[in-house]
Amino acid sequence: MLGEQSAEFSENGEDESPTPRLCANGACMKTTEVEAQLDEGNIQDAESSLREGLSLNSEEARALLGRLEYQRGNVEGALRLFEGIDLQAAIQRIQVSAPPPEKPSTKKNKPRDPPQQSVSQHAASLVLEAIFLKAKSLQKLGRTTEAAQECKSVLDSVEKIFQQGISDAQVDTRLQETVSHAVELLPMLWKESGDYQEAISAYRRALLSQWNLDNDSCARVQKDFAVFLLHSGVEASPPSLGSQVEGSYIPRNNLEEAILLLMILLKKFNQGKAKWDPSVIEHLTFGLSLCSQTAVLAKQLEEVMPGVFSRVERWNSLALCYSAAGQTSAAVNLLRKSLHKHEQPDDLVALLLASKLCSEEPSLAGEGAGYAQRAVNNAQGMDEHLKGVGLRMLGLCLGKQAKVPTSDFERSRLQSESLKALDGAIAFEHNNPDLIFELGVQYAEQRNLKAASRYAKEFIDATGGSVLKGWRFLALVLSAQQRFSEAEVVTDAALDETAKWDQGPLLRLKAKLKISQSNPTEAVETYRYLLALVQAQRKSFGPLRTLSQMEEDKVNEFEVWHGLAYLYSSLSHWNDVEVCLKKAGELKQYSASMLHTEGRMWEGRKEFKPALAAFLDGVLLDESSVPCKVAVGALLSERGKEHQPTLPVARSLLSDALRIDPTNRRAWYYLGLVHKYDGRIADATDCFQAASMLEESDPIESFSTIL
């Protein structure tokens, strides 16, 4: 049959001679005879020999000769032969001779001749393979645009022959191989020629048309298309309306389409329909990380079949995903399993990640310090460069742990060790801006303002003034040194270098500096400008804004209204305070800071009970709310003159506030009043002295607000 000659050239197993042969239509001839004629340049004689010896027509003979030349490495000779094939004429003959599939016969033992459809497919296979090899030849010669057009003609011809698409029952193996190769090659050729929109169309055509691709071929096309969408930098046009199914999800951009393709691929891997490709999860990680959807990535990792990853590798990857998604507790639990003594307790990367996550929570800081110390101990040899990172994490964990000590001595010891660890880290990473910033904040929280100012300036120099928090930090240090005019100059300089949508924190800082310099009118004007920014920001999203869009606002509307309410409360404009609090409450119903401002309003109106109720609600809502605890302690201490039983409660609340924030001067002052009314004059003197010293170095905002 004709199809036999289009298979790979192989030796005749039944013949004692190993000479390769060409066989078709029941006849065979040696390839050496044809090769000799080709070597002599007698193409017409070689074609005639094949036509007569194997009963082939002109297109089929040229296709066979071209294939022989291509296999011999004579690309230019093969191309000359392929160019003599009239593809359209061959396709028309094939279409005419290809009847619809016959119904299976119920009669048995009746010999049947090969159907005409089979012969037609063999002819189609030979001609289409020739055009495909012509495209490959053009590609090797660097004529990629012509190669793409030839490859496209192969697929166009297949669609003409099989107008309803290809099915397993309709096509023989050789033809299917040619079609599969052409489907995969076409987008690659368009990419090589620089026509990226055609490449995108070719990828979509490959995935949406019925080519009867096997699972592995389809997986390769999906992966290549996803990689192209992720990394090419070319914005893909949306799929045509004809290819969209009603009710189906339509990707809005390159990133969504790539992620969708990669997730479909992962599903195939998990179902065993395609071979596992580790690069797919790497590209999916990249794509989902770009759009901050690491929680979705974690779900995909959880669905990967056991055995693909080791369990420790899976735990570590999931921990990284959950940490990026803000699920610190879940991430730490996974890392605890990974770092168990029976797993990989000395995994340096896992130790550093665990210590970093623990450094964000005071309750986990002690555990984090242990992980960081183990990382420092294990950072040896080729990993010694990571010792600086371990020391940095150790310093951060100890600094956070110092906020929840059992005694002043313990707090002092932890703070000292924190600074020592961060100083040690600087020796390894002296050009790390983040480390410089963190060391400066540690000094600032311990009221070493001279060192804090030096590190703030170093951070601004290291980042070229491009990072907002550096300017804020320097302004806060200057305000703590009571250099308010210089702090305002720094804030104005930062505003000049900052985009409009990023100015919110700086403008709030500027308003507080105006109040500190007894310029309340200018402070109010600053907040009005902030409100104008909020309105402009809201219009940019339209009337229907999602919760995630509100959370991503550069200028937080709740903070603006709450800040304005606090400003009016300092000016005793209680009606304005009430209006602003109502606006803030519409945006965020439960907030300890808002309840604290509400309590100040009632206190200013001389209404003791609602003020105390608001402060207590704030404590119940957030047990670590220092302002609310201090406010309750202040109210109870002032009433302690007449009602001695309230003093122990006030002392307990104020002591707890100082445990959380030992630099709160108001807490020290009111604790001094409690001791005074309770008759402990020496203790009262110490508290008043501490409050006086802290007042001289009190910033207009807590240093912790910039972390």
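A count of salt bridges in this predicted model comes to 37. The idea behind such a count is simple: side chains of opposite charge can pair when their charged atoms come close.

The chain is built from 34 helices plus two strands. Of its 707 residues, 47% are buried. As for how the chain folds back on itself, take the contacts between residues at least 6 apart in sequence: 58% of them join residues at least 24 apart.

Asp156 is partly exposed, at a relative accessible area of 26%. Arg205, on the other hand, has a relative accessible area of 17% and is therefore buried, the cut-off being under 20%.

Next comes the salt bridge between Arg311 and Glu343, where the closest N and O atoms are 2.8 Å apart. Here a helix is joined to a loop: Arg311 lies in helix H14 (residues 311-324), while Glu343 lies in the loop between helix H15 (328-338) and helix H16 (348-358). The two residues are 32 residues apart, and the pair again links distant parts of the chain. Arg311 has a relative accessible area of 52%, so it counts as exposed, for which the cut-off is over 50%. Glu343 is partly exposed, with 23% relative accessibility.

The side chains of Asp492 and Lys510 also meet in a salt bridge, at 3.0 Å from N to O. This pair connects helix H23 (residues 484-496), which holds Asp492, with helix H24 (residues 504-516), which holds Lys510; the partners are 18 residues apart. Asp492 is partly exposed at 28% relative accessibility, whereas Lys510 is buried at 18%.

Arg67, Glu129, Arg174 and Glu177 are linked in a network of salt bridges.

How values were computed. Residues numbered from 1 in each chain as written. Predicted model: local features only at pLDDT ≥ 70, side-chain atom pairs only at ≥ 80, totals over all residues. Heavy atoms only, no water. Helix = DSSP H or I, 4+ residues; strand = E, 2+ residues; numbered from the N terminus. Buried < 20%, exposed > 50% of the residue type's maximum accessible area, 1.4 Å probe, protein only. Contact = heavy atoms within 4.5 Å. Salt bridge = Lys/Arg side-chain N within 4 Å of Asp/Glu carboxyl O.
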